[in-house]
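Reader: Could you take me through this model? I would like to begin with the overall fold and then turn to individual strands and residues.

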Amino acid sequence: MSATTRRLTTAQALVRFLSAQYTERDGVRRRLIAGTWGIFGHGNVAGLGQALVEYRDAMPYHQGRNEQSMVHAAVGYARQLNRLSAQAVTTSIGPGATNLVTGAALATINRLPVLLLPGDYFASRAADPLLQQLEHPVEADVSVNDTLRPVSRYFDRITRPEALMASALNAMRVLADPAETGAVTLALPQDVQAEAYDWPEEFFAERVWTVRRPAPDPVELDVAVAAVRAARRPLIVAGGGVHHSEAEDALRALVDATGIPVASTQAGKGSLRHDHPADLGGIGHTGTAVSDALARDADVVIGVGTRYTDFTTASGTLFLNPDVRFVNLNITGFDAHKLAARPLVADARTGLERLTEALAGYRVDSAYEAEYREGKERWDAVVEAALRADDDTAVPTQTQVLGALDAVVGDDDVVINAAGSLPGDLHKLWRARSPRQYHLEYGYSCMGYEIPASLGVQQAAPGTPVWALVGDGTYLMMPTEIVTAVQEGLPVNVVLVQNHGYASIGGLSEETGGERYGTAYRYRADDGSFTGAPLPVDLAANVASLGMDVLRAKTVRELRSALAEARASDRPTCVYVETDPAPTAPPAEAWWDVPVAEVATREAAVRARERYDAQVSGRRRHL
């Protein structure tokens, strides 16, 4: 141990350590842990709670209302800053800790960094069992925090003060690793948090964690280049890794040089500006007609920073060319090898730059370029028709809500969504104008994400107009951080769309033989179905009761005015609009596999199974 030590509690040492951690990429340095969200209870109030007030100048603290939503806020913050800065979340033991699990899963699935610091039981077992403790009859070291193990990229329980040193360094290593990042959990027994120890001064020294930009292996690069040069109908699928790597300019340079068109996943949308002639919009089940048509005939698909989820591949039914091959540029080998691809394991920006250099002189055939540009023009007309409202006095449809918002936002506004019917409409129709404008959490598609995430985005980008788009179903899941927005003075905008139920799942239920059962917010009818009158809830009044300004809009004209007023406001503001429930978005251009009952007596399910069997027969495994 160093001759120079500092006597602190474990919690105090952790806060001091975290305040001295930085990331650096391309010469830009940021705080790695820029602040801590917390709800105090027994298990963290006397440990981390005391430490956070002791070092309040070094570590900003944000008071949340729900543990899951605090993780969502931290995730929104990290995504807005391209994973170069993160936040921590501290909770009490018991339900406070287990409430983190959903948020942790969301962070890890989306490869976004967040540090979780749940309280834990007494390491000394001095109080055993204590309030909220889970007793296991054959594993005495199990606590409810073990539920965080499978959804964390790194997990440790700090049972002695000195164990924190190695674990804290490992935690920072994972948070700053562009390939391995996600939720990191350090479970902190409440007695250990308060225990004093003589810490070496070196533990508190400023540390800079370099966020790497690994270059592709020369052999892998040669194989990838050969595959692309041989292609007649190549297609790029841009995923979230393009944004995380800040590779948008490199992607555009490759596209401008080669003419290869780009389709985007939910996480990758905005990789090219919507009006770039090679930007074809979304791909897959919620994709555009032009993207999906080209995907079916593509002979080489170049995936950049994508995980190839089932929505992207249309559950294995999209890429139909019998000779199709994949080239996957990804910083993780796990993703780079998917679909039996030629892997190109590298940072997205570095890899794209090397590809552009190596493909010098290559360009797609002019007829192919004309084909996809004409397809883009046809789809642009579809988008315009869906967003346009010819009658300003009418009740708006959901797509017209998006059209009104499109007319109000600037290039740098951020639009946030995660679940319901809005993700499909947005993926098909939203015209992204900048890399960070389109913020869709669709790895976990978690209801309740939007409002807390908007807080994190607003913290990461002060002065930027931020819009949380939520349906009534999502709103009822997690509205509590509206109070936090008011308390913190974060002028986020919530667009609350009231359609009296789960519109997306209602449609899926109908398609799969479920007859929309249990998907509407209505009174029960005598036959037990939910087909009565809409429930007399007033969500706008609920929003106002939490301290947010509310603007009600009943017509398209009123909606446009309310959105403009909200954008100009310096206070948290909600625009509440009840929509015409008639679907107006273009239908799905590709399939999504949701298994249907193989046997049933109800006609709706029987017909749904016939449709399912017809679709599933087109599934293909790429080997």
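Predicted model: local features only at pLDDT ≥ 70, side-chain atom pairs only at ≥ 80, totals over all residues.

Reader: What are its spans along the principal axes?

Author: The C-alpha trace spans about 75 × 70 × 55 Å along those axes.

Reader: And how does the radius of gyration fit the 623 residues?

Author: The radius of gyration is 25 Å, and this agrees with a compact globule because such a globule of 623 residues would have a value near 25 Å.

Reader: What share of the residues is buried?

Author: Buried residues make up 58% of the 623. The accessible surface comes to about 24300 Å², and carbon and sulfur atoms hold 51% of that surface.

Reader: What part of the contacts comes from residues 24 or more positions apart?

Author: Among contacts with a separation of 6 or more, 76% are between residues 24 or more positions apart.

Reader: Let us move to strand β15. Is it covered or open?

Author: Strand β15, residues 300-304, is mostly covered, and five of its five residues are buried.

Reader: Which of its residues point which way?

Author: V300, I302 and V304 point one way, while V301 and G303 point the other way. Both sets are buried. In a regular strand the side chains alternate between the two faces of the sheet.

Reader: Which strands pair with β15?

Author: Strand β12, residues 234-238, runs parallel to β15 and is joined to β15 by five bridges. Strand β16, residues 325-330, is also parallel to β15, again with five bridges. As for individual positions, P234 has V300 as its bridge partner, and V301 stands opposite F326 of β16.

Reader: What about helix α11: which of its residues are buried?

Author: In α11, residues 289-297, the buried residues include V290, S291, D292, L294 and A295. An α-helix has 3.6 residues a turn, so residues three or four places apart point the same way.

Reader: What covers the buried residues of α11?

Author: The cover includes the strands β12, β13 (262-264) and β14 (279-282), together with helix α15 (366-387).

Reader: Next, β23. How many of its residues are buried, and which strands pair with it?

Author: Five of the six residues of β23, residues 573-578, are buried. Strand β21 (493-498) is joined to β23 by six bridges in the parallel sense, and β22 (549-553) pairs with β23 in the parallel sense over five bridges.

Reader: Where does C574 come into this?

Author: C574 of β23 is the bridge partner of V494, and V550 stands opposite C574 as well.

Reader: Changing topic, is T36 buried or exposed?

Author: T36, in strand β4 (residues 33-38), is buried because its relative accessible area is 3%, below the 20% cut-off.

Reader: Which residues is T36 in contact with, beyond its neighbours within four places in sequence?

Author: These are L52, M59, P60, Y61, H62, A88 and T90.

Reader: Which residues other than glycine have a positive phi?

Author: R111 is one of them, with a phi of about 60 degrees, and it lies in the loop between α5 (100-109) and β7. S315 has a phi near 55 degrees and is found in the loop between α12 (310-313) and β16. S315 counts as buried because its relative accessibility is 8%.

Reader: Lastly, where is S445, and is it buried or partly exposed?

Author: S445 lies in the loop between β19 (438-440) and α18 (450-460). At 27% relative accessibility, S445 counts as partly exposed.

Terms used
Residues numbered from 1 in each chain as written. Heavy atoms only, no water. Rg over C-alpha atoms; globule rule 2.2 N^0.38 Å. Buried < 20%, exposed > 50% of the residue type's maximum accessible area, 1.4 Å probe, protein only. Contact = heavy atoms within 4.5 Å. Areas by Shrake-Rupley, 256 points an atom, 1.4 Å probe, with all protein chains shown as cover. Helix = DSSP H or I, 4+ residues; strand = E, 2+ residues; numbered from the N terminus. Pairing = 2+ DSSP bridges.
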